[in-house]
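Please view the sequence and the structure alongside it.

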Amino acid sequence: MGDRNNNNLDKIDRKILRELQLNSRISNIELSKKVGLSATPCLNRIKRLEKIGCIEHYTIKINPDFVDAKLLAYVELRLDRTSRNVFSNFRNVVRKLPEVMECHLMSGDYDYLLKARVKDMHAYRRLLGETLLALPHVNSSRSYMVMEEVKDTEMIPIPEPVEPE
């Protein structure tokens, strides 16, 4: 699991994280120049950030228009029961659905909020009716179709470390 205490991240660690979020394919030499380190200490810091679980993985962002995933939808799902086993079973099934990009247990009127990408409205109706509403213990749903993506980022804001007084 690693040490998740962000107080262990110094100013240089945070610079490295910011730069890697902007471009995870940056060479170590280029990254080391940007953060003010030589190449070996920079690489050692990256390896440490990976080891402690701060850097979870590297990824690419694909334009959904090129892979028949133009329709973005958010779906609220309410379960008919809220026991530990029901939540566990639900999570295990949802994790296997390729159209579901995110799934979050929520407070409020609905239990889960899902983010899904599909080809079109027909594909969404099939996903909802044949898959999501057929999941164990799903009682009701509410759907929201995205008309325009104004901002879409995976970048997490990384504040500067707080200096002790």
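## Cysteines

The sulfur of Cys42 has its closest cysteine sulfur in Cys54, 14 Å away, so a bond is ruled out by distance. Cys42 is buried, at 0% relative accessible area. Cys54 is partly exposed, at 32%. Buried means under 20% relative accessible area, exposed over 50%, and partly exposed in between, with a 1.4 Å probe and protein chains only.

## Basis of the model

This is a predicted model, in which local features need pLDDT of at least 70, side-chain atom pairs count only at pLDDT 80 or more, and totals for chains, interfaces and linings use all residues. Residues are numbered from 1 along each chain as its sequence is written, and side-chain values use heavy atoms, with hydrogens and water left out.

Helix 5 spans residues 121-132. Its buried residues are Ala123, Tyr124, Leu127, Leu128 and Leu132. They lie on the same side of helix 5, because their arc around the axis is only 135 degrees. The arc is taken from the directions from the helix axis to the C-beta atoms. Arg125 and Glu130 are exposed on the other side.

Helices (H or I, at least four residues) and strands (E, at least two) are DSSP runs, numbered from the N terminus.

The buried residues of helix 5 pack against strand 1 (71-79), strand 2 (100-105), strand 3 (112-118) and strand 4 (138-145). Contact here means heavy atoms within 4.5 Å.

Asp120 caps the N-terminal end of helix 5. One of its side-chain oxygens lies 3.3 Å from the backbone nitrogen of His122.

Conventions. Disulfide = S-S within 2.5 Å. Polar contact = N/O pair within 3.5 Å; in protein donor to acceptor, adjacent residues only side chain to side chain.
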